[in-house]
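This report goes through a structure for a reader who has not seen it before. Please have the sequence and the model open while reading.

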Amino acid sequence: MQSLTFLENVKAYVGFDDASSALLLQAHPVVAPRFGPIVDDFYATIEAHAGARAAIKGGSAQIERLKGSLLRWIDEMFRGPHDEAYFQRRARIGHIHVKIDLPQVYMFTAMDRIRVQTQSVLRESTAFDADEAKRVATALDQILDIELAIMLETYREDLVAKNRTAERLATIGQLAAGIGHELRNPLGVVESSAFLVTRRLEQLQVSDPSVSRHMEKIAVEVQRSNKTISDLLELARSRPLSRRAVAARALLDAAVPAANLPAGVSVDVDAPAGLTLDCDPDQLTRVLTNLLINASQAMGGQGRIWIDARREGAVATLIVRDDGPGVPADVRPRIFEALFTTKAKGNGLGLALCRRIAEAHGGTVTLEDSERGAAFRVVIPDVGAAP
Amino acid sequence: MRVLVVDDNVSLAENLAELLELGGHSTSVATTGASALAEAVSNPPDVVVTDYRLPDMSGAVLLRSLRAAGVDAHAIVISAHTDEDTIAEARLTGATFVAKPVAPDALGRLIAGPR
């Protein structure tokens, strides 16, 4: 017997079936004229509560966008169909709640707002007879509980993924401190010996293309190993931020050459003059160089990268976009996990490190939905310095 | 300049010394704190380049012992341990702190740099 999907399971549990969906569809035209006021009430309540308001970092522009989303959300809840595609769309919203750090308590309180408002509209309506009205009210309660169940499930999934990363980081930390330091010295010997051999050959006026190529390979690979060790050590410790207001333009102009990209990769930087970032410049540069190196590698060392810096309310956003093949759907949920990599030469630390640094700033790094290439959005909120 | 290189990894100490010799410095090598002290007292160096974690003492203890023995050399501490405590402790002794890895061609500049 095929096991039930999450949605089938919760629907069966509360007794929500096709007849319930049909009742909600019938109720849609009754409640729809009041969607606007319900949505307004919903966000007015959030704005009145600091804990909930804190999750909305983009100010009134973001609230306007969110109102549109909530309107569609309620509309869809009444319209159905309440199938797997519906569940997938709802689950995406649940993931956003985790991403914006909305405390779980506000899922319940906010859902209660919607419940009270929609039920009150139904009670005032004369569209249904007493018996029908009861059944519509029950179906509405059930779907709202199903919505909560979906939110809790997605919240749990994200939390598990977050914990898995945290556990891995802790393990990496212990290993890294020991192994990283142990490897520094032998690598130092290899690097300096290669350097000394090269110098010696120069002195002896020996010029052999094959020898030069191998010496170059040794130097490049030692550098790569050193970078892995640095990434590990950086991940293993959480260095306190040294935050200050820095000019976005200057930071980006310095970060691009620091990434040491191949000649076939061009980078277009678009940052308005006067845009400042409230950040630890060294650590944010590390985020940017990691994203640039990733983009370059994804494009096989050939192509274009765009960096767009913008201010959106009390946050600064940096979008790093490339015209490479993009990130396959099946790996998207995992790319920020430590030690997860799809690259033959990747160490699986770069994006985990980016996320660690952004989160230390109270911000985020996310992979955007994009039609072409990959686009990463770095959000850095202002904390101290005025915008 | 006369440079004393101290590192318990013999190969690394020898390579550092050789790199410095390429830059025209004369060098000696020690692999423990005690042997470094003995060498410095009998042949006072201008510069001491030392690892921070030596088998018998820390770089900070070595540098303080050198001062106590009247060896007035500029000190450069090279370490893979870049935690704030290590860096602060090294700097307290008046040393320049340099994190590993040190690029081979950067070492000469460190020695030649302002004291």
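## A buried serine in chain B

B:S79 has a relative accessible area of 0% and is therefore buried (buried means under 20% relative accessible area, exposed over 50%, and partly exposed in between, with a 1.4 Å probe and protein chains only). The model is predicted, so local features need pLDDT of at least 70 and side-chain atom pairs count only at pLDDT 80 or more, while totals for chains, interfaces and linings use all residues. Residues are numbered from 1 along each chain as its sequence is written, chains are lettered from A and ligands numbered from 1 in the order in which they are written, and side-chain values use heavy atoms, with hydrogens and water left out.

B:S79 belongs to strand β4 of chain B, residues 74–79; helices (H or I, at least four residues) and strands (E, at least two) are DSSP runs, numbered from the N terminus. Apart from neighbours within four places in sequence, B:S79 is in contact with B:D51, B:Y52, B:T86, B:F97, B:V98, B:A99 and B:K100. Contact means heavy atoms within 4.5 Å.

## Two helices of chain B

Two packed helices are described by the angle between their axes and the distance between the axes. In chain B, the axes of helix α2 (residues 33–42) and helix α3 (residues 59–68) come within 10 Å and cross at roughly 25°. Axes are lines fitted to C-alpha atoms, for helices over the stretch in contact, and angles run from 0 to 180 degrees between N-to-C directions. α2(B) and α3(B) are therefore roughly parallel to each other (angles under 35 degrees count as roughly parallel). Their crossing is right-handed, a term used if the near helix is turned clockwise from the far one by less than a right angle.

On the α2(B) side, the residues that meet α3(B) are B:G33, B:A36, B:L37 and B:A40, and their partners are B:L62, B:S65 and B:L66. By class, this contact has five nonpolar, two polar and no charged residues. Ala and Leu are among those that count as nonpolar, Asp, Glu, Lys and Arg count as charged, and Gly is among the polar ones.

Chain A has 12 helices and seven strands. Of its 387 residues, 43% are buried. Among the contacts in chain A with a separation of 6 or more, 77% are between residues 24 or more positions apart.

Side chains of opposite charge can pair when their charged atoms come close.

| Salt bridge | Distance, N to O |
|---|---|
| A:R89 and A:E76 | 2.3 Å |
| A:R115 and A:D141 | 2.8 Å |
| A:R135 and A:D131 | 3.7 Å |

A:R89 is partly exposed at 31% relative accessible area, whereas A:E76 is buried at 19%. A:E76 and A:R89 are also linked with A:R90 and A:E147 in a network of salt bridges.

A:R135 and A:D131 both lie in helix α8 of chain A, four residues apart, about one turn of the helix. A:R135 is partly exposed, with a relative accessible area of 43%, and A:D131 is partly exposed at 48%.

Terms used:
Parallel < 35°, antiparallel > 145°, perpendicular 65-115°, else oblique. Salt bridge = Lys/Arg side-chain N within 4 Å of Asp/Glu carboxyl O.
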